Every structure is written in structure tokens, then in C-alpha cells.
Amino acid sequence: MLNFIPFAFEFTSPGPIAFGIGSLSIRWYGMLIASAVVIGTLLAQKLAKKRGIDPDIVGNLVIWLVVGAIPCARLYYVLFEWQRFQNQPWYKAFAIWEGGIAIHGAIIGGAVATIIFCQRQKISAWLMADIIMPALILGQAIGRWGNFFNSEAFGTPTDLPWKLFIPVDRRPPEFVSESYFHPTFLYESVWNVGVFAILMFLFFRFPKIRTGTLTMTYAIAYSLGRFWIEGLRTDSLMFGSLRTAQIISLVAISLGILGLVWLYGLRRRFPDTVSKKGSRA
């Protein structure tokens, strides 16, 4: 819920459970992930049609993406949080409905699944990636609200007019006496909506844009936001003393810039799964 006061608002999660059916509890997190998949699929199918690709192919790809992305997102998270999971029952590593997936893991798994799928279908992987990117970033914007309902992935304490109340049992030990924190889920969700708008503008304004441009734009734009937002979080996955998401973000920004230089500075094409008409020079 939102508690409004003049020029300010306070976020307070109603809890992770949306509703129950008998002994079965339906969680907001799972509902949001499922909604993101459905909405993203419908959007990607519409974009595919605009580029002359059978929407049913995108529908088939989504199955591969779910199978590749979600398990990898969880595996990525568990590996970097192994100290937390090693002493828990083994099935806790699979309890994805309780929260705890990493978007970078999902992207890695999804990328591998896309490449394999496109090789089998003899479709340009870069062209398919450009179609998927707007749907992906919109799905990320939706999925971030799952963190709100789970009272997780929040930032450091804040007294700003906008703030997120975190229950005592969800606070880090060093901040147990604090009540309000940066709503980093909101920051990233809003940022992702902005990136979505940029990608959609490029897709429709420049129908003959070079293949791979939207993917590189996504890598740069999303990573710029993720880098600074990650710096506010209290629960970052760590690689030694470094925040893993910030490392990945810097790598993605660098690769995105190099990719655009390759496409527009050198006027070259990316190596692809197939040489397909529609892959624009």
C-alpha cells in the first residue's frame, strides 16, 4: 500500500502472499513473473510480425527462454549466495517462489537458449534478440515489483520523502534499528520503463535500423541504471569485495559501445547464426 502525505509517500508491502486456495498460497512474486512472461510474449509476437517473422516462432522461442532463463537465474543467485544455502535443506535451492533470482543469470541462460533455437530454426539470432529486447526490459520492470512484495532487494536507509518500510525480520543486522530504506525496486522499475520507451522508439522510428542495434542499446541503457542502483542496495551478490552486478554492468556497457562502433563506425555486421535477408547492413 502507499501512505500519502503532502509531497511524500511511503511504500509498505502487504506481504508476499496474494491469496490462498485451500492450503495453497499464491505469491505475488510468482504471479508477477508469470504476468511478465505472458505480456512479454504477446509484445514480442507483435514486434516479430512487424519484421516479417512468424509470431508462432516467437511463441516457440519463449518456451526455450523460460527453460533456459529461469533455472539459470536461480542457479546464478544460489552460487553467489552459497554460504546462505549450504546449511539449509537442499530443496530451498529450488524455492524460486520465495524470491531470489538474478537477471544476469537469466540473460545468460536466455542468450544460450536463443542461439541454440535460432541455429535450429535457421533464423538470425541478432534479429530475434532485437525483437525480444523490448519485451525483456518490460518484463524486468514488472518483475521488480516482486521484490516489493517480498520486502527484498531494497537500498540503504533513507529519510527521503519517498521511502520503503521494511519489517524488522527482513532488515540487515547492521540496519535493524532503521525503518525506512531506498525503494530500489521502484528506481529500477521506472528506469526499465524508460529503457523500454527508448527501444520501442528506435524499433518503430527506424524500421531499417541495423540488426543488433537494439540489443546493444539495451546492454548500455539498462546497465547504466543497474550500476548506480546496485550501489544503493544492501543485498548485492558479491565477487570478493566487488558487487557482481556492477562488474557485469560495466562489461555490458563496454561491449554495447564496442558493438555500436562495430555497426556504425566500421559499418560491419555481427557474426550470426545464419546469413538471412532482414539482417541489415
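I looked up which element gives the nonpolar patch its largest share, and found helix H9 (residues 244–265), with five residues. Helices here are DSSP runs of H or I with at least four residues, strands are runs of E with at least two, and both are numbered from the N terminus. The model is a predicted one: local features need pLDDT of at least 70, side-chain atom pairs count only at pLDDT 80 or more, and totals for chains, interfaces and linings use all residues. Numbering starts from 1 along each chain as its sequence is written, and side-chain values use heavy atoms, with hydrogens and water left out.

I listed the patch members as Phe239, Leu242, Ile247, Ile248, Val251, Leu255 and Leu258, which make about 640 Å² of nonpolar surface. A patch takes residues with over 30% relative accessible area and no salt bridge; nonpolar side chains (Val, Leu, Ile, Met, Phe, Trp, Tyr) are joined within 5 Å, like charges within 9 Å. A salt bridge is a side-chain nitrogen of Lys or Arg within 4 Å of a carboxyl oxygen of Asp or Glu. Areas are from the Shrake-Rupley method with a 1.4 Å probe, and for residues only the protein chains shown count as cover.

I placed leucine 242 in strand S8 (residues 242–243). Leucine 242 has 46% relative accessibility, so I noted it as partly exposed (buried is under 20%, exposed over 50%, partly exposed in between; 1.4 Å probe, protein chains only).

I found strand S3 (residues 17–21) antiparallel to strand S4 (residues 24–27), with four bridges joining them; pairing requires at least two DSSP bridges between two strands. Glycine 20 faces serine 25 in S4, and isoleucine 21 faces leucine 24 in S4. Two residues lie between the strands of this hairpin, and glycine 22 in the turn has a positive phi of about 65°.

I counted nine helices and eight strands. The radius of gyration is 20 Å, close to the 19 Å from the globule rule for 281 residues, so the chain is as compact as a globular protein of that length. The radius is taken over C-alpha atoms, and the rule is 2.2 Å times the number of residues to the power 0.38. Of the 281 residues, 47% are buried. The chain exposes about 14,900 Å², with 68% supplied by carbon and sulfur atoms.

I located arginine 233 in the loop between helix H8 (213–230) and strand S7 (238–239). Is arginine 233 buried or exposed? Arginine 233 is buried, because its relative accessible area is 11%. Beyond neighbours within four places in sequence, its contacts (heavy atoms within 4.5 Å) include Arg144, Ala153, Thr184 and Arg243.

Most residues other than glycine have a negative phi, so I looked up two exceptions. Alanine 153, a contact of arginine 233, has a positive phi near 55°. Alanine 153 sits in the loop between helix H6 (145–150) and strand S5 (162–165) and, at 7% relative accessibility, is buried. Lysine 122 also has a positive phi, of about 55°. Lysine 122 lies in the loop between helix H4 (103–121) and helix H5 (125–143) and is exposed, with a relative accessible area of 63%.
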